[in-house]
Amino acid sequence: MALPPALKNVPFPVIGSPLFIISHPALVIAQCKAGVVGSMPALNARPASQLDEWLAEITEALAKHNRDHPDQPAAPFAVNQIVHKSNDRLEHDMALCVKYKVPLIITSLGAREEINQAAHSYGGVVMHDIINNTFAHKAIEKGADGLIAVAAGAGGHAGTKSPFALIQEIREWFDGPLALSGAMATGGAVLAAQAMGADFAYIGSAFIATEEARAAEAYKQCIVESNSDDIVYSNLFTGVHGNYLAASIRNAGLDPSHLPESDPSAMNFGSGSTKAWKDIWGSGQGIGAVKAVVPTAELVARLKREYAQARARVCAG
(Lines give C-alpha, C1' and ligand atoms only; values in the text may rest on other atoms or scores of the structure.)
Protein backbone atom coordinates (compact mmCIF):
# COMPACT_ATOMS: atom_id res chain seq x y z
CA MET A 1 0.00 0.00 0.00
CA ALA A 2 1.31 3.46 -0.86
CA LEU A 3 2.04 5.87 1.95
CA PRO A 4 -0.71 8.41 2.72
CA PRO A 5 -0.12 11.94 1.38
CA ALA A 6 0.98 13.27 4.78
CA LEU A 7 3.92 10.85 4.81
CA LYS A 8 4.57 10.31 1.12
CA ASN A 9 7.00 13.18 0.60
CA VAL A 10 9.07 13.10 3.78
CA PRO A 11 12.54 14.10 2.50
CA PHE A 12 14.44 11.57 4.64
CA PRO A 13 12.81 8.38 6.05
CA VAL A 14 13.11 9.26 9.74
CA ILE A 15 10.53 10.16 12.37
CA GLY A 16 11.94 11.91 15.41
CA SER A 17 10.25 10.27 18.36
CA PRO A 18 8.38 12.41 20.91
CA LEU A 19 10.62 12.89 23.93
CA PHE A 20 9.06 13.40 27.35
CA ILE A 21 9.85 16.92 28.66
CA ILE A 22 12.56 17.36 25.99
CA SER A 23 10.62 17.84 22.74
CA HIS A 24 9.24 21.35 22.26
CA PRO A 25 8.67 23.70 19.30
CA ALA A 26 12.34 24.60 18.75
CA LEU A 27 13.34 20.95 18.34
CA VAL A 28 10.27 20.00 16.28
CA ILE A 29 10.78 22.91 13.89
CA ALA A 30 14.49 22.14 13.51
CA GLN A 31 13.76 18.48 12.78
CA CYS A 32 11.14 19.28 10.16
CA LYS A 33 13.33 21.90 8.46
CA ALA A 34 16.15 19.33 8.31
CA GLY A 35 13.87 16.92 6.45
CA VAL A 36 12.69 14.48 9.13
CA VAL A 37 9.33 14.28 10.87
CA GLY A 38 9.53 16.24 14.13
CA SER A 39 7.29 15.34 17.02
CA MET A 40 6.44 16.17 20.62
CA PRO A 41 4.14 14.81 23.33
CA ALA A 42 1.07 16.98 23.84
CA LEU A 43 1.65 16.64 27.59
CA ASN A 44 4.98 18.48 27.31
CA ALA A 45 2.99 21.71 27.03
CA ARG A 46 2.20 22.74 30.59
CA PRO A 47 -0.19 24.25 31.44
CA ALA A 48 -2.55 22.72 28.91
CA SER A 49 -3.28 26.14 27.39
CA GLN A 50 0.34 26.29 26.20
CA LEU A 51 -0.34 23.60 23.60
CA ASP A 52 -2.40 26.07 21.57
CA GLU A 53 0.58 28.46 21.51
CA TRP A 54 3.02 25.71 20.59
CA LEU A 55 0.92 24.38 17.72
CA ALA A 56 0.49 27.90 16.36
CA GLU A 57 4.25 28.49 16.56
CA ILE A 58 5.11 25.25 14.77
CA THR A 59 2.46 25.65 12.09
CA GLU A 60 3.46 29.24 11.31
CA ALA A 61 7.22 28.53 11.30
CA LEU A 62 6.90 25.58 8.91
CA ALA A 63 4.52 27.47 6.63
CA LYS A 64 7.03 30.34 6.42
CA HIS A 65 9.88 27.92 5.72
CA ASN A 66 7.91 26.35 2.89
CA ARG A 67 7.12 29.75 1.38
CA ASP A 68 10.78 30.75 1.57
CA HIS A 69 12.13 27.39 0.36
CA PRO A 70 9.64 25.92 -2.12
CA ASP A 71 12.34 23.62 -3.50
CA GLN A 72 13.17 22.23 -0.02
CA PRO A 73 9.89 21.99 1.92
CA ALA A 74 9.90 20.93 5.55
CA ALA A 75 8.78 17.49 6.64
CA PRO A 76 5.40 17.27 8.39
CA PHE A 77 5.18 17.29 12.18
CA ALA A 78 3.52 15.00 14.68
CA VAL A 79 1.94 15.19 18.13
CA ASN A 80 1.99 12.27 20.53
CA GLN A 81 -1.16 11.54 22.51
CA ILE A 82 -1.02 9.29 25.57
CA VAL A 83 -4.28 7.36 25.28
CA HIS A 84 -4.17 6.01 28.83
CA LYS A 85 -7.15 6.49 31.12
CA SER A 86 -5.07 8.60 33.50
CA ASN A 87 -4.53 11.29 30.83
CA ASP A 88 -7.20 13.79 31.82
CA ARG A 89 -6.13 16.19 29.06
CA LEU A 90 -6.68 13.90 26.09
CA GLU A 91 -9.96 15.39 24.87
CA HIS A 92 -8.67 18.95 25.22
CA ASP A 93 -5.36 18.24 23.53
CA MET A 94 -6.93 16.30 20.66
CA ALA A 95 -9.35 19.15 19.99
CA LEU A 96 -6.36 21.45 19.48
CA CYS A 97 -4.77 18.93 17.11
CA VAL A 98 -7.97 19.03 15.07
CA LYS A 99 -7.95 22.85 15.15
CA TYR A 100 -4.43 23.00 13.73
CA LYS A 101 -4.84 19.96 11.48
CA VAL A 102 -1.74 18.24 12.85
CA PRO A 103 -0.56 16.00 9.97
CA LEU A 104 0.47 13.01 12.08
CA ILE A 105 -0.89 11.82 15.42
CA ILE A 106 1.19 9.26 17.33
CA THR A 107 -0.85 7.35 19.90
CA SER A 108 0.61 5.44 22.84
CA LEU A 109 -0.53 3.26 25.75
CA GLY A 110 -3.93 2.42 24.37
CA ALA A 111 -5.87 2.59 21.10
CA ARG A 112 -9.18 4.45 20.94
CA GLU A 113 -11.41 4.68 17.91
CA GLU A 114 -12.63 8.21 18.65
CA ILE A 115 -9.07 9.56 18.59
CA ASN A 116 -8.46 7.98 15.20
CA GLN A 117 -11.77 9.35 13.91
CA ALA A 118 -10.91 12.85 15.12
CA ALA A 119 -7.64 12.78 13.17
CA HIS A 120 -9.34 11.37 10.10
CA SER A 121 -11.93 14.18 10.19
CA TYR A 122 -9.38 16.60 8.69
CA GLY A 123 -7.19 14.11 6.81
CA GLY A 124 -4.67 13.42 9.56
CA VAL A 125 -2.77 10.15 9.83
CA VAL A 126 -2.57 8.08 13.03
CA MET A 127 0.38 5.84 13.84
CA HIS A 128 0.16 3.76 17.00
CA ASP A 129 3.20 2.47 18.84
CA ILE A 130 3.20 -1.20 19.77
CA ILE A 131 5.61 -3.72 21.29
CA ASN A 132 4.22 -6.94 19.84
CA ASN A 133 2.14 -8.35 17.01
CA THR A 134 -0.98 -8.78 19.16
CA PHE A 135 -1.12 -5.08 20.01
CA ALA A 136 -0.43 -4.27 16.36
CA HIS A 137 -3.57 -6.14 15.27
CA LYS A 138 -5.66 -4.35 17.91
CA ALA A 139 -4.43 -0.93 16.84
CA ILE A 140 -5.30 -1.48 13.18
CA GLU A 141 -8.66 -3.02 14.08
CA LYS A 142 -9.52 0.20 15.98
CA GLY A 143 -8.68 2.39 13.00
CA ALA A 144 -5.02 3.37 13.22
CA ASP A 145 -3.45 4.01 9.81
CA GLY A 146 0.06 2.89 10.67
CA LEU A 147 2.28 1.31 13.30
CA ILE A 148 5.45 2.13 15.17
CA ALA A 149 7.17 -1.13 16.10
CA VAL A 150 8.99 -0.45 19.36
CA ALA A 151 11.58 -3.20 19.50
CA ALA A 152 14.26 -4.14 22.02
CA GLY A 153 16.77 -1.40 22.75
CA ALA A 154 14.45 1.56 22.22
CA GLY A 155 14.49 4.46 24.63
CA GLY A 156 11.65 5.05 27.04
CA HIS A 157 8.84 2.49 27.06
CA ALA A 158 10.53 -0.21 24.99
CA GLY A 159 9.53 -3.74 24.11
CA THR A 160 11.68 -6.85 24.23
CA LYS A 161 11.16 -8.27 20.73
CA SER A 162 13.94 -8.47 18.18
CA PRO A 163 13.27 -5.98 15.37
CA PHE A 164 13.74 -8.81 12.86
CA ALA A 165 10.95 -10.86 14.42
CA LEU A 166 8.61 -7.94 15.04
CA ILE A 167 8.82 -6.44 11.54
CA GLN A 168 8.60 -9.88 9.92
CA GLU A 169 5.40 -10.76 11.78
CA ILE A 170 3.74 -7.41 11.13
CA ARG A 171 4.56 -7.42 7.43
CA GLU A 172 2.92 -10.83 7.01
CA TRP A 173 -0.48 -9.14 7.27
CA PHE A 174 -0.02 -5.35 7.25
CA ASP A 175 1.19 -3.33 4.25
CA GLY A 176 0.52 0.17 5.62
CA PRO A 177 2.89 2.79 7.09
CA LEU A 178 5.40 1.20 9.45
CA ALA A 179 8.20 2.75 11.50
CA LEU A 180 10.83 0.84 13.46
CA SER A 181 12.15 1.97 16.83
CA GLY A 182 15.04 0.45 18.73
CA ALA A 183 18.69 1.48 19.16
CA MET A 184 18.81 3.61 16.01
CA ALA A 185 21.34 6.42 15.84
CA THR A 186 23.11 5.99 12.49
CA GLY A 187 22.25 6.29 8.82
CA GLY A 188 23.15 2.63 8.39
CA ALA A 189 20.41 1.75 10.90
CA VAL A 190 17.91 3.77 8.86
CA LEU A 191 18.80 1.76 5.74
CA ALA A 192 18.61 -1.49 7.71
CA ALA A 193 15.11 -0.61 8.93
CA GLN A 194 13.99 -0.17 5.33
CA ALA A 195 15.68 -3.42 4.30
CA MET A 196 13.66 -5.26 6.95
CA GLY A 197 10.41 -3.80 5.63
CA ALA A 198 9.86 -0.60 7.58
CA ASP A 199 9.08 2.68 5.84
CA PHE A 200 10.74 4.85 8.49
CA ALA A 201 13.31 4.69 11.24
CA TYR A 202 12.03 6.10 14.54
CA ILE A 203 14.87 7.91 16.30
CA GLY A 204 14.75 9.52 19.73
CA SER A 205 17.81 9.34 21.96
CA ALA A 206 20.22 10.84 19.42
CA PHE A 207 18.06 13.98 19.33
CA ILE A 208 18.43 14.47 23.08
CA ALA A 209 22.05 15.48 22.47
CA THR A 210 21.14 18.38 20.19
CA GLU A 211 21.31 22.09 20.86
CA GLU A 212 17.57 22.56 20.34
CA ALA A 213 16.51 19.80 22.74
CA ARG A 214 14.99 20.96 26.02
CA ALA A 215 17.15 18.67 28.14
CA ALA A 216 19.52 19.48 30.99
CA GLU A 217 23.11 19.84 29.86
CA ALA A 218 24.08 17.02 32.22
CA TYR A 219 21.55 14.78 30.46
CA LYS A 220 22.96 15.64 27.04
CA GLN A 221 26.52 14.98 28.20
CA CYS A 222 25.47 11.68 29.75
CA ILE A 223 24.11 10.60 26.35
CA VAL A 224 27.42 11.53 24.73
CA GLU A 225 29.52 9.74 27.35
CA SER A 226 27.44 6.54 27.58
CA ASN A 227 26.87 3.43 25.49
CA SER A 228 24.59 0.39 25.53
CA ASP A 229 26.29 -0.99 28.66
CA ASP A 230 24.94 2.01 30.57
CA ILE A 231 21.25 1.30 29.88
CA VAL A 232 18.93 -0.25 32.49
CA TYR A 233 15.52 -1.80 31.71
CA SER A 234 12.96 -1.26 34.51
CA ASN A 235 9.28 -0.56 35.18
CA LEU A 236 9.93 1.18 38.52
CA PHE A 237 9.56 4.73 37.31
CA THR A 238 6.27 4.71 35.38
CA GLY A 239 4.79 1.25 35.87
CA VAL A 240 5.73 0.37 32.27
CA HIS A 241 9.08 -1.18 31.39
CA GLY A 242 11.51 1.20 29.77
CA ASN A 243 15.20 1.89 29.18
CA TYR A 244 17.04 4.43 31.33
CA LEU A 245 20.56 5.75 31.88
CA ALA A 246 22.19 4.03 34.83
CA ALA A 247 24.01 7.21 35.85
CA SER A 248 20.74 9.05 36.45
CA ILE A 249 19.45 6.16 38.57
CA ARG A 250 22.59 6.27 40.70
CA ASN A 251 22.21 10.05 41.04
CA ALA A 252 18.74 9.43 42.46
CA GLY A 253 20.28 7.30 45.21
CA LEU A 254 19.29 3.94 43.76
CA ASP A 255 21.31 0.91 42.70
CA PRO A 256 20.70 0.32 38.97
CA SER A 257 21.52 -3.38 39.43
CA HIS A 258 18.92 -3.96 42.14
CA LEU A 259 15.74 -2.05 41.29
CA PRO A 260 12.38 -3.21 42.68
CA GLU A 261 9.45 -3.98 40.42
CA SER A 262 6.60 -1.48 40.22
CA ASP A 263 2.88 -2.24 40.20
CA PRO A 264 1.71 -1.67 36.59
CA SER A 265 -1.70 -0.56 37.89
CA ALA A 266 0.01 2.51 39.36
CA MET A 267 0.66 4.01 35.92
CA ASN A 268 -0.16 7.72 35.79
CA PHE A 269 0.29 9.93 32.75
CA GLY A 270 -2.21 12.67 33.58
CA SER A 271 -1.56 16.35 34.15
CA GLY A 272 -1.07 15.61 37.84
CA SER A 273 1.61 12.98 37.29
CA THR A 274 4.19 12.56 40.02
CA LYS A 275 7.49 14.38 39.57
CA ALA A 276 9.37 11.95 41.79
CA TRP A 277 11.35 10.54 38.88
CA LYS A 278 11.79 13.69 36.76
CA ASP A 279 15.58 13.30 36.89
CA ILE A 280 15.58 9.68 35.73
CA TRP A 281 16.76 9.92 32.14
CA GLY A 282 15.37 7.69 29.41
CA SER A 283 17.64 6.49 26.62
CA GLY A 284 17.91 3.79 23.98
CA GLN A 285 20.80 1.45 23.42
CA GLY A 286 22.03 3.15 20.24
CA ILE A 287 23.71 6.09 21.98
CA GLY A 288 27.22 4.76 21.44
CA ALA A 289 27.05 6.49 18.05
CA VAL A 290 26.43 9.89 19.64
CA LYS A 291 29.79 11.61 20.11
CA ALA A 292 28.91 15.27 20.71
CA VAL A 293 26.08 17.71 21.34
CA VAL A 294 25.34 19.23 17.92
CA PRO A 295 22.64 21.26 16.16
CA THR A 296 19.73 19.16 14.92
CA ALA A 297 20.58 20.01 11.31
CA GLU A 298 24.08 18.63 11.83
CA LEU A 299 22.78 15.38 13.31
CA VAL A 300 20.39 14.87 10.38
CA ALA A 301 23.18 15.68 7.92
CA ARG A 302 25.29 12.94 9.54
CA LEU A 303 22.45 10.45 9.25
CA LYS A 304 21.96 11.31 5.58
CA ARG A 305 25.69 10.97 4.89
CA GLU A 306 25.91 7.60 6.65
CA TYR A 307 22.77 6.43 4.86
CA ALA A 308 24.32 7.22 1.47
CA GLN A 309 27.56 5.48 2.47
CA ALA A 310 25.67 2.38 3.62
CA ARG A 311 23.74 2.22 0.36
CA ALA A 312 26.96 2.52 -1.59
CA ARG A 313 28.48 -0.37 0.35
CA VAL A 314 25.46 -2.56 -0.30
CA CYS A 315 25.48 -1.74 -4.01
CA ALA A 316 29.22 -2.35 -4.25
CA GLY A 317 28.87 -5.71 -2.55
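Phe174 is buried in this predicted model, since its relative accessibility is 8% and the cut-off for burial is under 20%. Trp173 is partly exposed, with a relative accessible area of 30%. The rings of Trp173 and Phe174 form an aromatic pair. Their centres are 5.6 Å apart, and the planes stand at 50°. The pair is therefore classed as tilted, because stacked pairs need planes under 30 degrees apart and edge-to-face pairs need over 60.

Across the whole structure, a search finds four aromatic pairs. A pair of aromatic rings is described by the distance of the centres and the angle of the planes. One of the pairs joins Tyr219 and Trp281. Here the ring centres lie 4.9 Å apart and the planes meet at 10°, so the pair is stacked. Tyr219 belongs to helix H10, whereas Trp281 sits in the loop between H11 and helix H12 (296-316). The pair therefore ties together parts that are 62 residues apart in sequence. Tyr219 and Trp281 are both buried.

Helix H10 spans residues 217-225. Its buried residues are Tyr219, Lys220, Cys222, Ile223 and Val224. Several elements cover them, including helix H9 (205-208), strand E10 (242-245) and helix H11 (246-251). Ser205 lies in helix H9. Ser205 counts as buried, with a relative accessibility of 13%. Beyond its neighbours within four places in sequence, Ser205 is in contact with Gly155, Ile223, Ser283, Gly284 and Ile287. Ile223 is one of the buried residues of H10.

Another packing contact involves helix H2 (residues 25-34) and H12. Two packed helices are described by the angle between their axes and the distance between the axes. For H2 and H12, the angle is about 35° and the axes are 9 Å apart. The crossing of H2 past H12 is right-handed. On the H2 side, the contact uses Leu27, Ala30, Gln31 and Ala34. On the H12 side, Thr296, Ala297, Val300 and Lys304 take part. By class, this contact has five nonpolar, two polar and one charged residues.

The next feature is the nonpolar interior. In soluble globular proteins, nonpolar side chains tend to be buried together. The largest nonpolar core has 78 residues. Leu55, Phe77, Val79, Ile105, Ile170 and Ile203 touch the most other members. Helix H3 (residues 50-68) gives the largest share of this core, six residues. Apart from this core lies another, of 17 residues, among them Ala78, Leu104, Val125 and Phe200. Val79 touches Met40, Ala42, Leu55, Cys97, Val102, Leu104, Ile105 and Ile106, not counting residues up to four places away in sequence.

Met127 is found in strand E5 (residues 125-130). Its relative accessible area is 0%, so Met127 is buried. Leaving aside neighbours within four places in sequence, the contacts of Met127 include Leu104, Ile105, Ile106 and Thr107. Others among them are Leu7, Ile15, Gly146, Leu147, Ile148, Pro177, Leu178 and Ala179. Met127 and Cys222 are 95 residues apart in sequence. Their C-alpha atoms are 30 Å apart in space. Cys222 is one of the buried residues of H10.

Some backbone features also stand out. Most residues other than glycine have a negative phi, and most peptide bonds are trans. The bond joining Arg46 and Pro47 is a cis peptide bond, with omega about 5°. Pro47 lies in the loop between strand E2 (38-41) and H3. Leu109 has a positive phi, near 55°, and is a residue other than glycine. Leu109 is located in the loop between strand E4 (104-108) and helix H5 (113-120). At 26% relative accessibility, it is partly exposed. Ala183 also has a positive phi, near 60°. Its place is the loop between strand E7 (178-181) and helix H8 (187-196). Ala183 counts as partly exposed, at 36% relative accessibility.

Technical notes. Residues are numbered from 1 along each chain as its sequence is written. This is a predicted model: local features need pLDDT of at least 70, side-chain atom pairs count only at pLDDT 80 or more; totals for chains, interfaces and linings use all residues. Side-chain values use heavy atoms; hydrogens and water are left out. Buried means under 20% relative accessible area, exposed over 50%, partly exposed in between (1.4 Å probe, protein chains only). Helices (H or I, at least four residues) and strands (E, at least two) are DSSP runs, numbered from the N terminus. Contact means heavy atoms within 4.5 Å. Rings of Phe, Tyr and Trp (its six-membered ring) pair if their centres lie within 6.5 Å; planes under 30 degrees apart count as stacked, over 60 as edge-to-face and the rest as tilted. Axes are lines fitted to C-alpha atoms, for helices over the stretch in contact, and angles run from 0 to 180 degrees between N-to-C directions. A crossing is left-handed if the near helix is turned anticlockwise from the far one by less than a right angle, and right-handed if clockwise. Ala, Val, Leu, Ile, Met, Phe, Trp, Tyr, Cys and Pro count as nonpolar, Asp, Glu, Lys and Arg as charged, and the others, Gly among them, as polar. A nonpolar core is a set of buried Ala, Val, Leu, Ile, Met, Phe, Trp, Tyr and Cys residues joined through side-chain atoms within 4.5 Å.
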